[in-house]
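Keep the structure open beside them and look up each residue as you go.

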Amino acid sequence: MRYPFLAGAAVALATAVLAACGSSGGSGDGGTEAAAGSKPSAAASATPSVAGPAAGTTAPKPQRSSDVPKVPAGEITPATGSFTEKQKEYLTDRVPEGMDPAAVLQTGQETCDRLRYLVKADRDIAVGAIVSGEVADAKPAVAHLCPRHQDLVDEAALGYADGTYEGSKVRPGRYRAASPTTACSWQLTGAGGKELDSGSSATGKQVEITVPGSARTFTSTGCYAWLPRGENG
């Protein structure tokens, strides 16, 4: 039985459970144990205290993560202990200069822990959380730290979060919104903006649609995440 808002609630619950339990350890998947020794939280390491701009001045634009200098792969070492090869692969190009790499690793491990929790509750919820972005950076974390969940990432790559998709991003096939909100609506249009299909659901129950090969635009609002049916490949 599906329930409205179940996906978001499950993600929130998973986060709360992990926080209460202090899930900084491995997820039980091979190669995810943290380096020995204490590990500062990612938030504490990544967010230094910065005073606000003086009156009459313009605050500097925040630096994008991709612009922050990263520690070279050969120099990534924990304060104590050592990293496994898979952990080193995950950390490559992810550790900003001046940050404890163990804190970055902890973020990836927490992603694996969330997926492990969600897939036990409902596999569709776990895939939907990746599609929607509620579980962020799942692809690299799964590839290096918890490969047992690779099937979730592969399926999510074929799904759609709410938004508008055009051209080659619109893939023909059957899709289902496993946990839509009560304000779920969608529209499919073809060449020249001709409407091919549209609909809405206020029940919060699973909805299925077929995206035809002639579709050029797919728009979804309030449906949370559309998951591919098995026959989509």
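1. Where pLDDT is low, the predicted coordinates should not be read in detail.

2. Now the wider confidence picture. The protein has a mean pLDDT of 78, with 70% of its residues reaching 70 or more. Residues 1–28 have pLDDT below 50, and this stretch has 49 contacts in the model beyond near neighbours in sequence. Confidence is lowest in helix H2 (residues 42–46), where the mean is 35. At the other end of the scale, strand S3 (residues 184–189) has the highest confidence, at 98.

3. Have a look at helix H5, which covers residues 123–132. Eight of its ten residues are buried, so the helix is largely enclosed by the rest of the structure. The buried ones include Ile125, Val127, Ile130 and Val131, and Asp124 is on the list too. Just past the helix, Gly133 has a positive phi of about 90°.

4. Stay with Asp124 for a moment. Is Asp124 buried or exposed? Its relative accessible area is 11%, and the cut-off for buried is under 20%, so Asp124 counts as buried. Its side chain has a partner: a polar contact of 2.7 Å joins it to the side chain of Arg176.

5. Arg176 turns up again among the residues that Arg229 touches. Arg229 sits in the segment that follows strand S6 (217–228) and is partly exposed, with a relative accessible area of 27%. Beyond residues up to four places away in sequence, Arg229 touches Arg174, Tyr175, Arg176 and Glu208. With Glu208 there is a side-chain to side-chain polar contact of 2.8 Å. Also, Arg229 and Gly173 are 56 residues apart in sequence, yet their C-alpha atoms are 7.8 Å apart in space.

6. On to the disulfides, of which there are two. Cys112 and Cys146 form one of them, with sulfur atoms 2.1 Å apart. The torsion about this S-S bond is about -80°, so the disulfide is left-handed. Cys112 belongs to helix H4 and Cys146 to the loop between helices H6 and H7, so the pair ties together parts 34 residues apart in sequence. Cys112 and Cys146 are both buried.

7. What is the handedness of the disulfide between Cys184 and Cys223? The torsion there is about 90°, so this disulfide is right-handed. Its sulfur atoms are 2.0 Å apart. It links Cys184 in strand S3 with Cys223 in strand S6, 39 residues apart, and both cysteines are buried. Counting the bonded cysteines in sequence order, the pairing reads 1-2, 3-4.

8. Last, the core. In soluble globular proteins, nonpolar side chains tend to be buried together. Here the largest nonpolar core has 47 residues, and Leu91, Trp186, Phe218 and Trp226 touch the most other members.

Note on methods. Residues numbered from 1 in each chain as written. Predicted model: local features only at pLDDT ≥ 70, side-chain atom pairs only at ≥ 80, totals over all residues. Heavy atoms only, no water. Buried < 20%, exposed > 50% of the residue type's maximum accessible area, 1.4 Å probe, protein only. Helix = DSSP H or I, 4+ residues; strand = E, 2+ residues; numbered from the N terminus. Contact = heavy atoms within 4.5 Å. Polar contact = N/O pair within 3.5 Å; in protein donor to acceptor, adjacent residues only side chain to side chain. pLDDT = per-residue confidence, 0-100. Core = buried A, V, L, I, M, F, W, Y, C linked by side-chain atoms within 4.5 Å. Disulfide = S-S within 2.5 Å.
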